[in-house]
Amino acid sequence: MEPQSSTTLVLCGKTNEEKELAWCLKTNSTLKLPDSSPVNVILHSDIENGEEEDACGMDSYLNSLSTNRFGKLLIYPPKLASTHDVVSHNFCELPIGSVCVADVQFKGRGRSKNVWESPKGCLLFSFTIQMEDGRVVPLVQYVVCLAMTEAINDVCLQNGIPPLDVRIKWPNDLYLDGLKVGGILCTSTYRSKKFNITAGIGLNVSNQKPTTCLNSVLQRLRCDSQQLQSEDIVAAFFNKFESFYDIFISQGFQALEKLYYKTWLHSGQRVIVQEKNENMDKVSENVVTILGLTSSGFLLASTEDGQTCELHPDGN
């Protein structure tokens, strides 16, 4: 039997507190992978100049980060199975807000049992959140989606680039020019009266396949000289997410709804809803109009006769 190859994890921190924690994680061999394969932990500060590329633009990322909690401890594996698995498997060993960013992953996950394609050029990261109110946990994915759309435009603005019309396709996809360019996956476990949430994001930044990417659209807009960098987007995302998250926790999602509706695809959209009868042998179809979100985060719609109804996703 061939020995399992090890996964390299490069650790770095924004402040001395995170740097010291990174040192402890390395010294105590704390970080593990779900399949128990070997892990090789390296501190970013120990990498010699010229020995290795600036892993995922760590210095640029940390310099652009202005948060108090999120994104301050960074785990960078050049290639691994899933960033989601790294942070969820080590959730209790990491400070809340820790992030794992990879160049390539080969077992990325989408909703249900879908596989998330993760080629080079795709921004792939997962981070930790902890919440106490289970009633609003399902809504946090909408905060993540909104923060990413706003972060992309913040980076465009900073670089003098026309804003990209990235839209939210409910419940957790990002679309640009009618094509999917990103997806969000949030999973949670309940422990010690708190919900431990792992939020994973995949965003097509420079990879033209399998659909399109941000930089391809910029090329069509003749902005070839100003290409977006993944590290800038991640930093902008956390700067925006922390602000939105604080509003979400203190005021509820209603305080963000106006901006969310401005960003999503569905206001006034007419869709066909299929319903099976009690015997499950006949399907009826009804046309409804999307009005917004219900308090529980599902779609609020109106029927042709003026009644309102709540729509749930079909898992696909």
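## Salt bridges

A salt bridge is a side-chain nitrogen of Lys or Arg within 4 Å of a carboxyl oxygen of Asp or Glu. In this predicted model, Arg 69 and Asp 246 form such a bridge, with their closest N and O atoms 2.7 Å apart. The two residues come from distant parts of the chain, 177 residues apart: Arg 69 is in the loop between α2 and β3, and Asp 246 is in helix α6. Arg 69 is partly exposed at 37% relative accessible area, and Asp 246 is also partly exposed, at 36%.

The structure holds nine salt bridges. Among them is the one between Arg 135 and Asp 133, at 3.0 Å from N to O. Arg 135 is exposed, with 68% relative accessibility, whereas Asp 133 is partly exposed at 29%. Another joins Asp 173 to Lys 180, where the closest N and O atoms are 3.2 Å apart. Here Asp 173 is buried, at 10%, and Lys 180 is partly exposed, at 27%.

## Aromatic pairs

There are 21 aromatic pairs in the structure. One of them is edge-to-face: the ring centres of Phe 70 and Phe 241 lie 5.1 Å apart, and their planes meet at 85°. This pair also links distant parts of the chain, with Phe 70 in the loop between α2 (58–64) and β3 (73–76) and Phe 241 in helix α6 (residues 230–251), 171 residues apart. Both residues, Phe 70 and Phe 241, are buried.

Phe 241 also pairs with Phe 237; the ring centres are 5.6 Å apart and the planes are at 15°, so this pair is stacked. Both lie in helix α6, four residues or about one turn apart. Phe 237 and Phe 241 are both buried.

Note on methods
Residues are numbered from 1 along each chain as its sequence is written. This is a predicted model: local features need pLDDT of at least 70, side-chain atom pairs count only at pLDDT 80 or more; totals for chains, interfaces and linings use all residues. Side-chain values use heavy atoms; hydrogens and water are left out. Rings of Phe, Tyr and Trp (its six-membered ring) pair if their centres lie within 6.5 Å; planes under 30 degrees apart count as stacked, over 60 as edge-to-face and the rest as tilted. Buried means under 20% relative accessible area, exposed over 50%, partly exposed in between (1.4 Å probe, protein chains only).
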